[in-house]
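Let us walk through one protein model, stop by stop. Keep the view open and find each residue as it comes up.

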Amino acid sequence: MKGLMITAPNSNSGKTLISMGIIRALKKRNIDVSAFKSGPDFIDRKYIKIASGKNAGNLDIHLMGKEGLKESLSIIGGDFAIIEGAMGYFDGISNTYENSSYDISANLDLPAILVYVPKGEMFSAVPKIKGMVDFSKHRIKGVILNKTGEHIYRMLKEKIEEYVGIPVLGYLPVDDSLFIDNRHLGLIQPDENKRSEDIIERAADLVEKHIELDKIIDIAAEIDIKRFESPLKMNIKVAVAYDEAFNFYYEENIKLLEEICSIEYFSPIKGKELPKADLVYIGGGYPELYKEELSSNHEMMDSIRAYVGNMGHLYAEGGGLMYLSDMIEEYPMCGIIKGRAYMTERLQNFGYVNIELSKDTILGKKGFKLTGQEFHRSILETNEEEVFNISKPISKRKWGSGYSYKNALGVYQHINFLGNKEALEYLLQKAYKGKEKKQCI
């Protein structure tokens, strides 16, 4: 597999748009291109997934470890990897470049292409770009100018190539038809955006017209990866909630579950009951946008309550925790975790976390440690006992989280199983033992 990273000095530089355009343009050349997002983001990854026409992955050292980077690349597969960077190239945990896009590309020994938006400047762009190239130890191999015209592009190209010594590979003009609306957790989801395909096609056309795609292909470097195979195989079935309300999952988690056991999907909005399963997995999403539909589906909530009451194993993350609570706002939910979830005007917790279990749970015994991330505007008002001790990396901030009832666990934190394989194995072993116990009764 060959690959490279698309990065920028800061957020809102157009990385997602240019990544989508390059990915789709490569796909049109019949290249087996795979898309990846550095960092923990779910939504940008969905756009680049559509652009590639196949599953997309995340690359994140905190969530999956350095070994997990290559495992994620292997799980998704393909001949050519385009990795969309997160935030600015050097922006990592706290005020460091640890776990930044730069850190990830350095660990994979990958080149990067810098997306730069010249704004209120001319020659001043040159030393800024040179500073990033030098600090990257010349890992940045090319520049794409975004939101600019041909005249400015040609003027800056000459000076960047003269003083920085790397090629300017093209530009994208300002085009209002490429605008994507935002919501509080980032871009609106592509399945809500009826223009997604049109935007991707338009971006690909502009890439072919204004960017030197052949040079981008030449810049990519070979990544030495091995075919991923999980040594763990288990005869159990996992029911995964997937619909408009619940669709924030790390692709690596789904692929690992498919590799180890079997999966059946169900919809908490439209389904009438849980599939027969040994483990239920309810991921994150936007349940607050579908609270009326979720609340009116009494059959599904009754089925989930009966499953948990019968000692079934259930793991819920983010929005899944909200669904397990008594209520979202004024709408009744499953009532497995006692409390009421409601939305606030600002983010409550944001970023990477370290987790230590303060009680035995279906993810491990007391004292077990995990890595994760959380990003949410909701609050759960509850008097339930917390089962997670949470701390921030490179910070003294600590708090409690996570709620357990029988064999159900609801948490705000999202974890990637590539970096938490022991927790995944523990969870699946618990589900398998539960299946055996039921068969013996």
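Which residues lie nearest the centre of the second largest pocket? They are Met311, His313, Gly434, Lys437 and Lys438, and the pocket is lined by 16 residues in total. Before we go on, note that this is a predicted model: local features need pLDDT of at least 70, side-chain atom pairs count only at pLDDT 80 or more, and totals for chains, interfaces and linings use all residues. Residues are numbered from 1 along each chain as its sequence is written, and side-chain values use heavy atoms, with hydrogens and water left out.

Back to the pocket. Rolling a probe the size of a water molecule over the atoms shows where empty space is left. Here a pocket is an open set of points on a 1 Å grid over the protein atoms alone, where a 1.4 Å probe fits, with protein on both sides within 12 Å along at least five of seven lines; lining residues have an atom within 4 Å of a point. The second largest pocket has a volume of about 340 Å³. That volume is the space filled by probe spheres set on the points, which are joined across faces, edges and corners. Helix α13, residues 421–440, gives the most to the lining, with seven residues. Helices (H or I, at least four residues) and strands (E, at least two) are DSSP runs, numbered from the N terminus. The lining divides into five nonpolar, five polar and six charged residues. Ala, Val, Leu, Ile, Met, Phe, Trp, Tyr, Cys and Pro count as nonpolar, Asp, Glu, Lys and Arg as charged, and the others, Gly among them, as polar.

Now turn to the aromatic rings. A pair of aromatic rings is described by the distance of the centres and the angle of the planes. Rings of Phe, Tyr and Trp (its six-membered ring) pair if their centres lie within 6.5 Å; planes under 30 degrees apart count as stacked, over 60 as edge-to-face and the rest as tilted. By this rule the model has 18 aromatic pairs. Take Phe90 and Tyr102: their ring centres are 5.2 Å apart and their planes at 50°, so the pair is tilted. Phe90 lies in the loop between β4 (80–84) and α4 (101–108), and Tyr102 in helix α4, so the pair ties together parts that are 12 residues apart in sequence. Both residues are buried. Buried means under 20% relative accessible area, exposed over 50%, and partly exposed in between (1.4 Å probe, protein chains only).

Compare Tyr281 and Tyr315. Their ring centres are 5.6 Å apart and their planes at 25°, so this pair is stacked. Tyr281 sits in strand β14 (residues 279–282) and Tyr315 in strand β16 (residues 313–317), so the pair ties together parts that are 34 residues apart in sequence. Tyr281 is buried at 2% relative accessibility, and Tyr315 is buried at 1%. Ring pairs also link both of them with Tyr242, Tyr249, Tyr265 and Phe417 into a cluster.

Next, the record. UniProt, in an unreviewed entry, places "domain: CobQ/CobB/MinD/ParA nucleotide binding" at residues 4–178. Such annotations may be inferred rather than shown by experiment; positions are in the numbering used here and feature names are shortened. Over residues 4–178 the chain is 42% helix and 20% strand. UniProt also places "domain: CobB/CobQ-like glutamine amidotransferase", again from an unreviewed entry, at residues 237–420. That span is 18% helix and 40% strand, and its end C-alpha atoms lie 20 Å apart.

Look at helix α2, residues 43–52. Eight of its 10 residues are buried, among them Ile43, Tyr47 and Ala51. Just after α2, Gly53 takes a positive phi of about 75°.

Where else is phi positive, in a residue other than glycine? His138 has a phi near 60°. His138 is found in the loop between α5 (125–135) and β6 (140–146). With a relative accessible area of 40%, His138 is partly exposed. Glu329 also has a positive phi, near 55°. Its place is the loop between β17 (325–328) and β18 (331–332). Glu329 is buried, with a relative accessible area of 16%.
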